[in-house]
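Please open the structure in a viewer and keep the selection tool at hand. The stops below say what to select next and what is there.

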Amino acid sequence: MPRRIRPLLIGAANSTWLDVVVICLIGLLPLAWFRGSLIAGMDLPFPLAPAHQLMRESASLWDPAVNLGAASPSFRLAAYGVMNSSLCWLGFSAVAAEKVFFVLWFAGAGLSMYFLIRVLLPHRRLAALTGALFYMLNPYTMLVRWYELNLWQFFYAFIPLLLALFVLVIRTGRLRYVGFFLLASLVMSPAFANLGALAILALVLGGYLVTYVAQNRGSREKVWLALRYALILTVLFTGIGMWWILPSAAGLQQEASIRQTPESTLERVEFTSRESRLDRVLRLSGYCWLHLDYADDPGNPVIPYAENYDTALTWVLGWIIPLLAIAGLWKVRRNPGLVWPAVLWVGGIFFMKGLQPPLGGVTRWLYETVPGMSVFRHPFDKFGLLAVLGLAPLLGAGMESLYNAAGSLTRRKPWREVIGIALVAVVAALLLVVLVWPMWSGDVVYEGGSTMPSFRIPGVPEDYRQASEWLDRSEGEFRVLPFPYNRGSWSLELFDWYMGYDPSRWLLGASVMAPSSYPGGEFSEVAAGAALYGHDHAQVLCTLLNVRYVLLREDVNWEQLSAKPMASALEYIYLSYDEAKWFLDNQEWLEPAARFGSLTFYRNRHWRPLQVYSACGHEAVSLEGENLAETGEGPWQWFGPVEWKEGEEGELTVTATADSGADWAGIRRPLELGDGPFVYSFEMKAEDVYHAHLKVEWHDENGAVLEDSYLHPSLDGDTEWTSYSGIFMKPQEAAGTDLVALMKPHEGATLEVRGFVLREQPWLQAISREGREEQGGDAPLAAGEKVLISEEDVEILGVEESAGPDGAAPVLSVERTSPWSAHVRVKAEGPAFVVLNQAFDEGWRAYEGSPSWPLILLGRGRSPARHFLANGYANGWYIAAPGEYELTLYYWPQTLLYLGIIISALTWAFLVVWYLLRRRRVRGRIWR
């Protein structure tokens with residue numbers, strides 16, 4: 001029996017399947033990270049979002065649950081939702097389903113890289129196995145991918161597989177590799193929620209194609225075959241991906257506008273590359289957060305294992321990585337398959353360091369001049385994907401060289417293998433275990449601390465489950481206004497049991513008004529501030545926004561939030577939980593409706609369904625207003641060691657003249673402001689500053705400072721001209737106002753401001769009681785009885801004077817709705833308005849009758865109404881002629897999703913038929 005077993009063992013040891021088993025076993029490592037709980041990251045809605053909710057949102061290009069509604073990229077998560085739903089359908093619990101994803105990402109990364117190296121370096125098992133294990137277990141993936149926990153996991157796991165299949169396609173032209181490539185791209189598609197992933201994919205595949213053509217430039221046949229099948233693959237990839245490519249093109253402009261950050265790309269690059277010195281990048285440890293503590297909690301590191309990780313031992317072990325990669329570089333001449341990985345590693349390392357030397361000025365110039373570089377505004381993160389993709393094959397080749405070099409130390413053949421295996425095992429243990437020990441101990445998943453809650457969560461709290469069931473029983477379409485309500489980084493520290501963005505809309509399954517920069521965001525923010533501070537127009541505004549319930553959450557880290565003055569320009573976040581509860585308890589228009597543990601719901605007494613409504617009355621609103629920044633009393637006044645000058649067109653320059661022990665230095669000027677709310681816009685530039693701000697300072701009757709309204713994030717270092725805009729509110733008890741530009745005193749620090757415009761928000765002024773009385777208006781606006789229209793639109797639409805409040809109100813009935821459409825009937829005795837209570841978007845149209853989406857796509861749908869901006873945020877249509885109308889309010893880009901799905905399905909069908917025909921033709925040839 002032993003004689004029979006020995007050949008089997010030898011055969012197994014020489015089999016590729018043994019390597020696959022080893023990778024799969026190590027791929028189970030994430031199962032030890034859960035410890036009986038879920039793991040929720042910054043950008044992963046699952047597992048808090050039910051699978052059916054993800055699927056529902058993936059089927060729509062319009063998301064009514066985001067703020068006041070917005071074009072949504074959720075459709076690009078369709079594959080993610082299908083996988084979630086499939087696991088739930090099979091009976092997996094939330095924890096079990098999430099474990100499947102973590103193993104898929106972790107083991108999938110290793111198997112993908114193993115396949116890639118075997119394609120690039122045939123018959124190099126040791127290189128493939130060690131390179132694959134390194135791709136799974138390395139400092140980059142530990143510090144970035146498993147810390148950030150977002151949909152880039154799909155990209156990191158499967159980009160080696162796509163590259164390997166692409167290589168096989170252009171080398172052989174075999175159709176089965178084309179099919180596998182397209183299937184793999186479908187699995188990786190959730191990563192395209194960030195379109196930067198598509199740019200990186202094109203760079204990886206396009207770069208290999210160029211390298212391959214250059215290597216085989218002497219063979220016309222190989223070059224032609226590669227170019228031909230690369231073109232075919234590109235066409236098929238585009239056709240297969242039309243279900244997300246086509247609708248993405250429709251919303252690209254808006255998506256780009258809402259994703260832009262206040263700071264410029266270069267500012268972001270300066271921040272994220274400050275730790276990325278070349279020596280650290282070579283060791284894959286130049287992550288910007290590695291040596292950073294929380295600003296409000298010194299001594300509490302952002303990455304909890306940073307202190308233990310960044311030691312002399314890990315510093316020494318980290319140099320194994322570039323040394324093995326350099327050893328792999330020596331094999332490039334004999335192994336052409338290593339050329340592109342070598343280019344990826346060297347180029348990735350150069351760009352990973354960002355603006356750090358050497359040649360940091362070249363990188364700066366590229367970011368300043370090359371369009372689209374904002375995709376790579378976090379160089380260590382994004383270019384790290386490329387560097388590690390190229391590094392793993394090189395390191396695997398280096399490990400093989402180490403094995404061969406160790407074996408050459410003796411002439412006795414049995415000892416050669418023993419010494420080689422022993423040395424490789426020791427180096428692998430140091431590199432793949434000791435260097436990345438937090439991945440083996442589970443510390444890679446954050447346990448939680450005094451500032452940030454744990455990544456691990458016990459599950460969906462019972463009070464949220466009960467509240468969700470209660471909301472489901474509430475009839476009608478409505479919104480929920482949550483408190484606290486703020487649009488800053490505060491949401492990362494929201495709950496003691498959850499680390500991530502505000503999960504309320506996932507947990508409650510209702511239209512929770514999540515803070516955002518989407519159109520109409522200022523209206524929801526002002527509604528929140530007015531509700532907490534008891535402004536008279538809070539009831540009107542909340543009713544107009546279709547807010548049925550106000551939610552107060554006790555389980556929020558109120559102490560953390562109140563300590564963050566830069567979270568937003570709206571100051572109500574400074575309230576404690578008890579203060580917020582007192583304000584809400586004392587609002588006449590609110591009444592307690594239900595309480596579920598830490599969640600208290602207040603009902604809007606005046607609520608009525610306003611998802612879609614009609615009116616015959618209108619009121620014109622003038623959008624022009626005085627620049628209140630020019631209404632101050634007296635000149636600028638200085639404090640601290642500064643000098644200033646005012647240039648042409650209102651440009652202001654403030655320069656610190658000396659270092660000082662004072663806390664702040666700057667200038668101030670009084671403003672004459674009404675009751676607001678106020679909108680502002682300006683541009684700012686900084687040079688060598690530390691904590692520079694522009695703010696509005698409120699005073700009481702005695703001149704004491706009440707509150708500050710910061711108008712932008714804190715500026716540090718050098719910045720280019722950057723635009724800022726927003727909205728802020730005046731505290732009820734404020735009697736005076738100052739505009740203040742200030743900075744920490746540092747000689748030579750300069751702050752420049754230009755184009756500062758400050759006005760009262762005309763739409764909100766028209767809605768508020770105070771604003772209407774000041775303008776000589778009549779009673780406060782009754783939500784839904786009148787429609788506010790800009791004076792310009794009144795003229796464009798040709799609104800008749802008879803369309804006033806005395807006319808008979810139109811009769812409107814809503815027959816059916818979906819996130820992207822509403823079917824209504826309107827009976828009007830005169831000119832009338834129809835309002836869809838979603839954020840204004842040019843994509844919304846009103847069609848007569850019930851046209852099918854193909855007719856809409858072809859422009860055959862007839863519209864009896866003209867589209868305009870209603871109430872400053874919503875979609876309105878004006879019907880000039882009286883009569884009875886059947887209208888379909890439709891978000892037109894939704895048709896592109898349908899068309900994209902059809903094109904994708906037809907492409908798949910074409911691919912299957914093509915494969916069958918080719919297979920039949922080949923069989924026929926063999927038979928003859």
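**Stop 1: helix H10**

Start by selecting H10, whose buried residues are Leu-175, Tyr-177, Val-178, Gly-179, Phe-181, Leu-182, Ala-184, Ser-185 and Met-188. Buried means under 20% relative accessible area, exposed means over 50%, and partly exposed is in between (1.4 Å probe, protein chains only). Helices (H or I, at least four residues) and strands (E, at least two) are DSSP runs, numbered from the N terminus. H10 covers residues 175–188, 14 residues in total, and spans 20 Å from its first C-alpha to its last, close to the 20 Å expected at 1.5 Å a residue. That expected span is 1.5 Å times one less than the number of residues in the helix.

The model is predicted: local features need pLDDT of at least 70, side-chain atom pairs count only at pLDDT 80 or more, and totals for chains, interfaces and linings use all residues. Residues are numbered from 1 along each chain as its sequence is written, and side-chain values use heavy atoms, with hydrogens and water left out.

**Stop 2: the whole chain**

Zoom out to the protein chain, which has 35 helices and 29 strands. Of its 928 residues, 56% count as buried. The chain exposes about 39700 Å², and carbon and sulfur atoms supply 57% of that area. Accessible areas come from the Shrake-Rupley method with a 1.4 Å probe; for residues, only the protein chains shown count as cover. A contact means heavy atoms within 4.5 Å. Among contacts in the chain with a separation of 6 or more, 78% are between residues 24 or more positions apart.

**Stop 3: the nonpolar cores**

Select Trp-33 and Phe-155, which touch the most other members of the largest nonpolar core, a set of 163 residues. Helix H9 (residues 152–172) gives the largest share of this core, 16 residues. A nonpolar core is a set of buried Ala, Val, Leu, Ile, Met, Phe, Trp, Tyr and Cys residues joined through side-chain atoms within 4.5 Å. In soluble globular proteins, nonpolar side chains tend to be buried together.

Which residues does Phe-155 touch, not counting those up to four places away in sequence? They are Met-188, Ala-191, Ala-197, Ile-200, Leu-201 and Leu-385. Met-188 is also one of the buried residues of H10.

**Stop 4: salt bridges**

The count of salt bridges comes to 24, each being a side-chain nitrogen of Lys or Arg within 4 Å of a carboxyl oxygen of Asp or Glu.

Select Asp-19 and Arg-125, a salt bridge with its closest N and O atoms 2.8 Å apart. Asp-19 lies in helix H2 (residues 16–26) and Arg-125 in helix H7 (residues 125–136), so the pair ties together parts that are 106 residues apart in sequence. Asp-19 is buried, at 4% relative accessible area, whereas Arg-125 is partly exposed, at 21%.

Next select Lys-786 and Glu-619, whose side chains meet in a salt bridge of 3.7 Å, N to O. Lys-786 is in strand S22 (residues 786–790) and Glu-619 in strand S12 (residues 617–621), 167 residues apart. Are these two residues buried or exposed? Both Lys-786 and Glu-619 are buried.

Then select Asp-738 and Arg-668, where the closest N and O atoms of the salt bridge are 3.2 Å apart. Asp-738 lies in strand S20 (residues 736–743) and Arg-668 in strand S16 (residues 665–671), so parts 70 residues apart in sequence are tied together.

**Stop 5**

Go back to helix H7 and select Ala-127, which is buried at 0% relative accessible area. Leaving aside neighbours within four places in sequence, Ala-127 is in contact with Ile-117, Leu-121, Gly-396, Ala-397 and Glu-400.

Finish at Arg-35, in the loop between helix H3 (31–34) and strand S1 (38–39). Arg-35 is partly exposed, at 45% relative accessibility. Arg-35 and Gly-442 are 407 residues apart in sequence and 9.2 Å apart in space, C-alpha to C-alpha.
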